[in-house]
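Reader: I would like a close look at one part of this model, the contact between its two protein chains. Please go through that part step by step.

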Number of protein chains: 2
Amino acid sequence: MNGDELVRVLATLANPHRIRVIAALARERAYVSELARTLGISRPLLQVHLRKLEAAGLVSARMEVSEDGKAMKFYEVNAFAIELTPEVLEAAERTLSTPGEGPGDGTKGSS
Amino acid sequence: MNGDELVRVLATLANPHRIRVIAALARERAYVSELARTLGISRPLLQVHLRKLEAAGLVSARMEVSEDGKAMKFYEVNAFAIELTPEVLEAAERTLSTPGEGPGDGTKGSS
DNA sequence: GGCACCTGCTAACATTTCTTTGCATGTCCG
DNA sequence: CGGACATGCAAAGAAATGTTAGCAGGTGCC
């Protein structure tokens, strides 16, 4: 994961609603409307947050059709483990894109 | 660390400038004006970011007087290690303050 | 058909965050 | 004293985020 990606993931997690979403999905996967009721927030709002979580690679979606024919989008958390220490951040900083330039990185290191 | 604190720390780290600041200080402590020149950003802007980093407990400041009598504020990174996994977030979620209520927590567990 | 459930979108407003600009203080040195 | 350093703060504009409201589509069942 490069610096830009890390910033994106951190920005995504820095929100109470999204933490609640991940917590709920960690306990049990769920579909959008159900999850909205569980968390007590509006469905459009939840969708926005789910989209961000998915864009950051923290959750995955899968369309399924229930027995009674309703199309439902199930979400579940992806396994991830990010360690935050000064050293890790120092390494991430080296792959941050500079204001003017295009995206940084280059090395497809991985994990 | 409770859920609210975690959100605050994550929000603080979710910024390229602040990652650069931590990276620079991890290599060597520095005073404000010097650091601003190193990073190529304005001093007032850097001060704002330093204040946030300090508020989140990620860096510490110490006023010192140089040999030639100039008062300088030296910053250095605090050691920290935060692990981010679905399980950790699920635990953090339980200590998030609810929209209406006052700050959550209660347990003074500490690091 | 009409109601209850599922999905998707986006325009608009409200709020927060980021950044710049400007002015205040103080020291030392020529 | 005036210039080159250091510190501090706050107002104000610009940009990004969060949230609501309202619209569209689909299925199954009484």
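Author: Chain A puts 29 residues into the contact, and chain B puts in 29 residues; two residues are in contact if their C-beta atoms, placed from the backbone, lie within 7 Å. This is a predicted model, in which local features need pLDDT of at least 70 and side-chain atom pairs count only at pLDDT 80 or more, while totals for chains, interfaces and linings use all residues. Residues are numbered from 1 along each chain as its sequence is written, and chains are lettered from A and ligands numbered from 1 in the order in which they are written.

On the side of chain A that touches chain B, at least two residues each come from helix H1 (3-13), helix H2 (16-27), strand S4 (82-84) and helix H5 (86-93) of chain A. Helices (H or I, at least four residues) and strands (E, at least two) are DSSP runs, numbered from the N terminus. H2(A) gives the most to this side, with 7 residues. By class, this side of chain A has 20 nonpolar, 3 polar and 6 charged residues. Here Ala, Val, Leu, Ile, Met, Phe, Trp, Tyr, Cys and Pro count as nonpolar, Asp, Glu, Lys and Arg as charged, and the others, Gly among them, as polar.

Strand S4 of chain A also pairs across the two chains: S4(A) is joined by 3 bridges to strand S4 (residues 82-84) of chain B, and the two run antiparallel. Strands pair if DSSP finds at least two bridges between them. Within this pairing, Leu84(A) stands opposite Ile82(B) in S4(B).
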